[in-house]
Amino acid sequence: MISLVSIELYKIFKKWRSYIGFLAISVLVPIIQIALLIEGEKYLEFLTQNLQQTFVFVGNLLNGYLIAFIVLGSFWVHIPFLVTLVTGDLLAGEATSGTYRMLITRPVSRLKLVTAKFIAGLIYTHSLVLWLSIVSLVLGIILFGTGELIVIGEKIVIFSKDDIIWRFLLAYGYAALSMSVVASLAFLLSSLVENAIGPIISTMAIIIVFTVLSALNFDFFIELRPYLFTNYMPLWRSFFDDPIDYSEVLKSGFILLGHVISFFGLTIYLFNKKDILS
């Protein structure tokens, strides 16, 4: 299996489209950081303008932690597209190039073949999230230094410097799980067609529709939310609550993991039924 996964990773990274996500992160995140380096004080004043009459803020609040938090909040909506560019092509690409027949002539079962491709897709997906964390958090700390992290939501929370890193690690881990759902959905759709464009567009369309439905505050859509996986994807923010609602986070994590397993299981079933020799 290790050899099969290695082969699939080689096939992924020999395609130019596989580097689009890494290139986009490498370009856009530093642009955001440079913009905040220039205009960050104005942004922080805008963020806290309703609080300045009541509170006095001291210390380095415009630091690498705040920048990484802002970047993660901005990019989790866009990362799915970068993920589907690759995972939507894993099976459909073989059909497009006509290499299914050659793959099956090897002494490898369909189950092993699909599993190897799926694992390779997850490795790529997690690598993309890891690269986002390195560029946003590490480079942010280099440019802005460290300090307390202020999080403004339903309530205002300021975390001390020694109470932040572990929260980011868990948040990035949860983000990787969320992107795994996207990858497994694109992988499932990739098994149904013979062109990668379809899975890419379909996956993004599903995510957009589900996200819009989750945002509608009508009784019908409120009752529908628990059945939409996009409802659980933004819960990385829960690691920046005080206290953290671990029961809700674990519940959401298991739901996302259940989607990954279900999509993968359905892919195996459909691929075993697929006539790939015609």
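1. Let's start with Gln-33, which is buried in this predicted model, with a relative accessible area of 0%. Leaving aside neighbours within four places in sequence, the contacts of Gln-33 are Ile-67, Val-135, Ser-136, Leu-139, Gly-140, Leu-143 and Phe-144.

2. Now for the overall layout. The chain's secondary structure comes to eleven helices and two strands. Going along the sequence, the pattern reads α-α-α-α-α-α-α-β-β-α-α-α-α. The chain has 278 residues, and 47% of them count as buried. For contacts between residues at least 6 apart in sequence, 79% join residues at least 24 apart. The accessible surface of the chain is about 14200 Å², and carbon and sulfur atoms account for 68% of that surface.

3. Helix 2 comes up again with the aromatic residues. The structure holds 15 aromatic pairs. One of them joins Phe-22 and Tyr-124: the ring centres are 5.7 Å apart and the planes stand at 85 degrees, so this pair is edge-to-face. The pair links distant parts of the chain, with Phe-22 in helix 2 (residues 20-47) and Tyr-124 in helix 7 (residues 110-144), 102 residues apart. Are the two partners buried or exposed? Both Phe-22 and Tyr-124 are buried.

4. There is also an aromatic cluster to look at. One cluster is formed by Tyr-65, Phe-69, Phe-168, Tyr-172, Trp-236 and Phe-240.

5. How many salt bridges does the structure hold? The count is one. The partners are Arg-167 and Asp-163, and their closest N and O atoms are 3.1 Å apart. The two ends differ in cover. Arg-167 has 4% relative accessibility and therefore counts as buried, whereas Asp-163, at 22%, counts as partly exposed. The value for Asp-163 falls between the 20% and 50% cut-offs, which is why it is placed in the middle class.

6. On the outside, please have a look at the nonpolar patch. Trp-166, Leu-170, Tyr-246, Leu-250, Phe-254, Leu-257 and Ile-261 form this patch on the surface, and together they have about 700 Å² of accessible area. Helix 8 (165-190) and helix 11 each supply at least two of the patch residues. Helix 11 gives the largest share, with five residues. Leu-170 is a member that lies in helix 8, and at 36% relative accessibility this leucine counts as partly exposed.

7. Ser-252 is located in helix 11 (residues 246-273). Its relative accessibility is 0%, so Ser-252 counts as buried. Not counting residues up to four places away in sequence, Ser-252 touches Tyr-174, Tyr-232 and Leu-235.

8. Two loop residues deserve a friendly mention. Leu-216 sits in the loop between helix 9 (197-215) and helix 10 (219-224). With 27% relative accessibility, Leu-216 counts as partly exposed. Beyond residues up to four places away in sequence, Leu-216 touches Phe-221, Ile-222 and Arg-225.

9. The other loop residue is Ser-109, found between helix 6 (100-104) and helix 7. Ser-109 is partly exposed, with a relative accessible area of 36%. How far apart are Ser-109 and Asn-272 in sequence and in space? They are separated by 163 residues in sequence, while the C-alpha to C-alpha distance is 9.6 Å.

Methods: Residues numbered from 1 in each chain as written. Predicted model: local features only at pLDDT ≥ 70, side-chain atom pairs only at ≥ 80, totals over all residues. Heavy atoms only, no water. Helix = DSSP H or I, 4+ residues; strand = E, 2+ residues; numbered from the N terminus. Buried < 20%, exposed > 50% of the residue type's maximum accessible area, 1.4 Å probe, protein only. Contact = heavy atoms within 4.5 Å. Areas by Shrake-Rupley, 256 points an atom, 1.4 Å probe, with all protein chains shown as cover. Patch = residues over 30% accessible without salt bridge, like charges linked within 9 Å, V, L, I, M, F, W, Y side chains within 5 Å. Salt bridge = Lys/Arg side-chain N within 4 Å of Asp/Glu carboxyl O. Phe/Tyr/Trp six-rings, centres within 6.5 Å; stacked < 30°, edge-to-face > 60°.
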